[in-house]
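Have the viewer open as you read.

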Amino acid sequence: MEQKSVPAAAKKPKKERRSEFSGMSKALVRRETISAYLFLLPSLIFFVGFVVIPMIICVVYSFLDYGLAGFEGFAGLNNYIEMFQDKVFIRAFWNTVLIVVVAVPTVTAFSLWVSSAICPMKAVTRSFFRCVFYLPVVTGTVAVTVVWKWMFNPYTGLLNQILGTTGFNWLGNPKTAIWCIIMILFTTSIGQPIVLYVAALGNVDQSLIEAAQVDGATKLQVFWKIKWPQIMPTTLYILVITTINSFQCFALIQLLTSGGPNHATDTIMYYIFDMAYKYQRFGYANAMGVVLALIIAVFSAVQFKVTKTDNG
Amino acid sequence: MNLKKAVALALATGMTLSLAACGGGDAKTSGTPAPAASGSGAATGTEITMWTYPIGKWGGTEAKVDEIIAAFNAEYPDIKVNVEFLDYTNGDTQVTSAITAGNTPDIIMEGPERLVSNWGAAGKMVDLSDLWTEEATADIAAVSESVVNACKSNDGTYYEYPLCMTTHCMAINKEVFEAADAMQYINDETRTWNSTEDFLKAIAAVKASGQVATPGIIYCGGQGGDQGTRALVNNLYGGTYTNADHTEYTANSAENVKALQTLSEQVKAGNLTADASFQAADELQAFANGTAAMTFCWNASNQAQYASQVSFTPYAVAFPTDQETPALCGGIWGFGIFDNGDEAKIEAAKTFIKFVCDDAEQGPESVRLSGFFPVRASQGDVYAGTEDEARMAEFQVMMPYLGDYYNVIGGWTEQRTNWFNMLQQIFVSGEDVQTAADNFVEASNAAIK
């Protein structure tokens, strides 16, 4: 089983660690500390400027009535109360949850399956498949959606030609539109997980696998007992990024359905954009942003917890 | 939870919050286009920036706009004009970002629904009343009093100085209609349908002829080109979109409900298609491809744009109505100035606008660049003697059908979403027409401030 690798220094008792510095002059320690902070400074400036400060602004504005004309009054919790009474937001919330609940497991499972299949192949073949699956990731979202839109076209689309369902409106039907979005999201999301899984599976300790095989372990046992624990950190990373990407599904909706038909494809992220940029209700949009962030945080925390349990 | 996990969670939370926060406050946003230095002029003096939406060749034909700026600089060398082109997909987002970030351009070219009802009402625009001299007002009013009224707010403040206008109409595939023996339902001289009943007969004939996948598409996938579906519904039985004072929406009137029911029946009969995945651009493409035999989103500019794509004769015609004359939606485009607090720039911007719109030589040229018609009687027929004369004459016939310019009503932005949602409810989900129309009116009226 995987052992958590803890840096040696971290295992040392505090007194011992302190002694490492005791040999250094105070001036040297101060100089090294300053150097360390200077190295951190460029990224820290960006992190504070583009993440921390906007985050604080977002929370503050969520309690305000703030529109195009500027500050219009203190809203208190009104934005939050309105949100939970807003039928479109509720619909968008459930659509988002559906996308996450369907997309995250399928993307993760499919990526793992594909990676397991292509990992033992020759390097050239492996690279070819990695390229093929990664192509939608590097292709612009607009280009991808234009192609899908053409495929879904009810009159001239490839899909209807193949299925013999000419005239069926995949994106214009409330029952099928959300599944079309999920399918496109799936195809654009699997590239990175596959590349990560191929790398992770390639790093699995072969001696452990050979030892297990010598002991008579089946392929399934080798996977669950040897490989799975070792690729768990990668799985956790994939789960978290896929969850965040799914929660923030926006461009596909904007380009393909505008949230329709009848709000069938509205997502929280799209609704936030609508509120902020179409209706210019920045306070309300920020309140939704706060709630979305909390939801993602909860989902991520659950994923950490679950994978920690699995990891023993 | 250890420190690493806490940091990871904080990062995930932060990324989401920072995305949402882009819309508010004084935070700088990345969606704002950087001014392009396409202008010429003196290195010193006043430098102003203009953003234009795609209004004919004003949007994206840099060389043509540069010619105007060069002509302007020949007369005003101390004012440098930079131009940035917007599109209708992202333009509003870019402007909103610029307003919240406090880096709006000096001049913006668009219509009253944005310049007056949106940004003007929010106090972001400069009062242009001094440009509206008695002479200018009389000149514009001589073409249409609606244009004058559309350019000012309810309190009489002018936020737009108009350049050009048009009426939005529909178009048919003439060859398909001829083959279906459906041209008999259209008056070629007036470019009108004989009656609503004749329009219904025409689409049934086209459907029966089997030449196209669908006679026409009622697009309701978004707000793009929604003036077409509004005009279609309002005209069929003489309904109106708002009351005369522009204080409330009236789309649930008996005439409008009857029109929606008629269209719903036509969709069920297969004589029309309703498509919740199509916006106007998609419908126009379907028309240009020959998939549909008509488009509800046509005007002179669209005809010029799609001329090279079609292999048939696109025949412009007014919307069908049972009234004496149709009431077409109008488009009025002109200039507004954002109030950036710099008097020198504001004055320079006014000078530029005045030159572009009112100069005896440049004014007509500016109108021709838009592909629409002048709002000034003094400019006469700006296409006379040009290669576009015959083509524009086709649309000139419909200019007298310009209906009420109701786009200045409050809650305009909200009602656009409500409108296509209502169409989706009726045509896709099959909801009761009266109920859906009532819901539309209730929600849209609630958005009027």
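What follows goes from confidence scores to each chain and then to the contact between them.

## What you're looking at

This is a predicted model, in which local features need pLDDT of at least 70, side-chain atom pairs count only at pLDDT 80 or more, and totals for chains, interfaces and linings use all residues. Residues are numbered from 1 along each chain as its sequence is written, while chains are lettered from A and ligands numbered from 1 in the order in which they are written.

Start with pLDDT, the predictor's confidence in each residue, from 0 to 100. Chain A has a mean pLDDT of 88, with 91% of its residues at 70 or more. Two residues count as in contact if their C-beta atoms, placed from the backbone, lie within 7 Å.

Chain B also averages a pLDDT of 88, and 90% of the residues score at least 70. Here the pLDDT is below 50 over residues 14–43, but that stretch has 95 contacts in the model beyond near neighbours in sequence. For the complex, the predictor gives an ipTM of 0.74 and a pTM of 0.80.

Chain A splits into domain 1 (8–61) and domain 2 (81–310), with bounds that come from an automatic or database domain assignment. Taken over C-alpha atoms, the centres of domain 1 and domain 2 of chain A are 35 Å apart.

Take a look at helix H3 (residues 26–61) of chain A, which spans only 45 Å between its end C-alpha atoms, whereas a straight helix of 36 residues would span 52 Å at 1.5 Å a residue. (That expected span is 1.5 Å times one less than the number of residues; helices are DSSP runs of H or I, at least four residues, strands are runs of E, at least two, and both are numbered from the N terminus.) Where is the kink in H3(A)? A kink of about 45° lies at A:Leu41, shortly before the proline A:Pro42. The bend at a residue is the angle between axes fitted to the seven residues ending there and the seven starting there. The buried residues of H3(A) are A:Pro54, A:Met55, A:Ile57, A:Cys58 and A:Tyr61. Buried means 20 or more other C-beta atoms within 10 Å of the residue's own, exposed means 12 or fewer, and partly exposed is in between, with C-beta atoms placed from the backbone.

## Chain A: what the record says

An unreviewed UniProt entry places the feature "transmembrane region" at several spans of chain A, including residues 34–64 and 282–302. UniProt positions are given in the numbering used here, feature names are shortened, and annotations may be inferred rather than shown by experiment. In the model, residues 34–64 of chain A are 90% helix and 3% strand, with end C-alpha atoms 40 Å apart. Residues 282–302 of chain A are 100% helix and 0% strand, and their end C-alpha atoms lie 30 Å apart.

The unreviewed UniProt entry also has "domain: ABC transmembrane type-1" covering residues 93–303 of chain A. That span is 76% helix and 0% strand, and its end C-alpha atoms lie 19 Å apart.

## Chain B: overall build

Chain B has 17 helices and 13 strands, and 55% of its 449 residues are buried. Among its contacts between residues at least 6 apart in sequence, 79% join residues at least 24 apart.

Its domains are domain 1 (32–167 + 331–399) and domain 2 (169–327 + 410–446), and their C-alpha centres lie 30 Å apart. Domain 1 of chain B puts 15 residues into the contact between them and domain 2 of chain B puts in 13 residues.

## Chain B: a closer look

How many residues of helix H9 (residues 226–236) of chain B are buried? The count is 11 of its 11 residues. After H9(B) comes B:Gly238, whose phi is positive, near 75°.

Over in helix H13 (residues 343–358) of chain B sits B:Lys354. B:Lys354 is partly exposed because 18 other C-beta atoms lie within 10 Å.

## Where the chains meet

The contact between the chains takes 37 residues from chain B and 45 residues from chain A. On the chain B side, helix H1 (3–21), helix H3 (91–101) and helix H16 (412–427) give two or more residues. H1(B) supplies the largest share of that side, 12 residues.

Definitions and conventions:
The expected span of a helix is 1.5 Å times one less than its number of residues.
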